[in-house]
Amino acid sequence: MDNLSFLKRMNRCWQDHCRQTIMIRSIFLFLDRTYVLQNSLLPSIWDTGLELFRTHIASDSAVQKRTVEGILEQIELERNGETVDRSLLRSLLGMLSDLQVYKDSFEERFLTETNRLYAAEGQRLMQERDVPECLHHVARRLEEENDRIVSYLDQSTQKPLICCVEKQLLGEHMNAILQKGLSSLLNENRVTELALLYQLFSKVKGGLLTLLQFWRDYIKSFGGEIVCTPEKDKDMVQDLLDFKDKMDNVVQSCFARNEAFINAMKEAFETFINKRPNKPAELIAKYVDSKLRAGNKEATEEELERILDKIMIIFRFIHGKDVFEAFYKKDLAKRLLVGKSASVDAEKSMLSKLKHECGGAFTSKLEGMFKDMELSKDIMIQFKQYMQNQSEPSIIELTVNILTMGYWPSYTPMEVHLPSEMVKLQEVFKLFYLGKHSGRKLQWQPTLGHAVLKAEFKEGKRELQVSLFQTLVLLMFNEGEEFSMEEIRAATGIEEGELRRTLQSLACGKARVLNKNPRGKDVEDGDRFNFNNDFKHKLFRIKINQIQMKETVEEQVSTTERVFQDRQYQIDAAVVRIMKMRKTLSHNLLVSELYNQLKFPVKPGDLKKRIESLIDRDYMERDKETPNQYHYVA
């Protein structure tokens, strides 16, 4: 007889026995309800029936063994995808339970078999399938086993059974699953599988901790690639913002906004963004500049606000915030002076975000720049009134921005030869201004000036919006027909590199108001220039852009060097402040105190140099006996 037939026979036997026991109990109901109940030592008729079945049939080792083996065989068939008679299994397992032999005779063997089956399946899965398939398979297996418990297994089996499946299919292979598939799931943004991964790992002991570690490592390596690849510098900030958005989305929709994962992400971002000192800070400042500059049509005010908020999140991770400040200040100055700012509200909003993040000291100079611009407007209103009261009004309209030296980036002064009308106007303004504010010194910055010129061409009158250098060149053509580059340089006094770019913008750009001889894209020594009378343009006012010198390496280096210079002063000031308070301090304590006070990353070697320099300048001295001890010199 095969196992299935045996099980059916066994089940029939059990059902008959139950039916007959119930009949006997019905006949002797009075006896069972009164006499037996009053006599605590006597078993009830039902219990006696069970005892008889247990003794004569179920306790027979051959019968018990065959029954259990038959049940296990049916369960294995079902696990392999075949259909089995679940009501038969439910009835037989109910029998074992009623006879109180379920745990000893069936459950132990069942769990051992399950363990063996899933251990082999786990190994096979890892070798043959990719991670998404594995995850879906594990989820399906868990669902099946839960269904089995509901359908025919005893409830007491649920915990050990599910633990066994999770351990063999997940717990044993956690590292392998994550090594093999986490990166690709995150790269391809497979939200469903990531959510499933989190859900499954949260069931296994130590699963979330392992996932957290791999997630942190992934962010560090992917982010490190964005930051440490100089070829990608152009898109670095946008890539960082996109990457942060993507990771935020994963935490939100897949990792149940788990605090530990959010903190690990922040920590990983902070680690990789500071792997390459200074560059990210510089590029973030430039990115903000590109968004706040006029002509950035891609964003409405709400979108711009959202972009700035996202940038502030990235900005928070940066250690050397003073580098950001230096580049931001330089770009802000350009925006304010050339009137290139997209909206004052957006500028002020960014400023308040920085102030909130880094405190008032960080933004005081930037706020000073805005103040200067507003004061300049008031001064210009007064100057216009002053000019109207002059005996001979000027034909040129002059607008001056007065900048406080300490607030703005330092500009190298350049001496150029201005036309006499301009020089005269400068003197008038100087007289007016110093009359109001005596004791101040005015220094003109021709590099930042711009003008509107009226020009006459064959086609009619036009207005040209140009820089001061372009103005000086164009005004020469009122005096003569043609000039060589050398003659223009002698007459205007503009530095050679600057002059080449200026002539290039006037003779080789889109709006060619000068003709160059010989023709060509670049300005060479010996080139000659004449006024292009045939110039045509559909607009009345034409803006001729200065050829933008890509921010030179020197300019970048000088900004960075200025930051380092400032850092040295800050270190010196901090050392003196600490020593003045403590009077005597060991080297190690002084260094740790400095690390607490300084807001930027600094190497111990640099601190040592600054301490040596202060000893040389007699701010402090070494102890005669213990050279590792310092004393403050009042």
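Author: Start with glutamate 305. Glutamate 305 is partly exposed, at a relative accessible area of 29%; the term covers the range between buried, under 20% relative accessible area, and exposed, over 50%, with a 1.4 Å probe and protein chains only. The model is predicted: local features need pLDDT of at least 70, side-chain atom pairs count only at pLDDT 80 or more, and totals for chains, interfaces and linings use all residues. Residues are numbered from 1 along each chain as its sequence is written, and side-chain values use heavy atoms, with hydrogens and water left out.

The side chain of glutamate 305 meets that of lysine 353 in a salt bridge, at 2.5 Å from N to O. A salt bridge here is a side-chain nitrogen of Lys or Arg within 4 Å of a carboxyl oxygen of Asp or Glu. Distant parts of the chain are linked by this pair. Glutamate 305 sits in helix H15 (residues 301–316), lysine 353 in helix H17 (residues 344–358), and 48 residues separate them. Helices are DSSP runs of H or I, at least four residues, and are numbered from the N terminus. Lysine 353 is buried, with a relative accessible area of 14%.

Helices H17 and H15 are linked by another pair. Glutamate 357 forms a salt bridge with arginine 316, with the closest N and O atoms 2.7 Å apart. Glutamate 357 belongs to helix H17 and arginine 316 to helix H15, 41 residues apart. Glutamate 357 is partly exposed, at 27% relative accessibility. Arginine 316 is also partly exposed, with a relative accessible area of 43%.

Now a bridge within one helix. The side chains of arginine 500 and glutamate 496 meet in a salt bridge, 2.7 Å from N to O. Both lie in helix H22 (residues 496–507), and because they are four residues apart, about one helical turn separates them. Glutamate 496 counts as partly exposed, at 33% relative accessibility.

Some bridges share partners. Glu78, Arg79, Arg86, Glu145, Asp147 and Arg148 are joined in this way into one network. Over the whole structure, a search finds 43 salt bridges.

Threonine 157 and glutamate 107 are joined through their side chains by a polar contact of 2.9 Å. Threonine 157 is found in the loop between helix H7 (131–151) and helix H8 (158–169). At 0% relative accessibility, threonine 157 counts as buried.

Key
Helices (H or I, at least four residues) and strands (E, at least two) are DSSP runs, numbered from the N terminus. A polar contact is a pair of N or O atoms within 3.5 Å; within protein, one must be able to donate a hydrogen and the other to accept it, and residues adjacent in sequence count only if both atoms are side-chain atoms.
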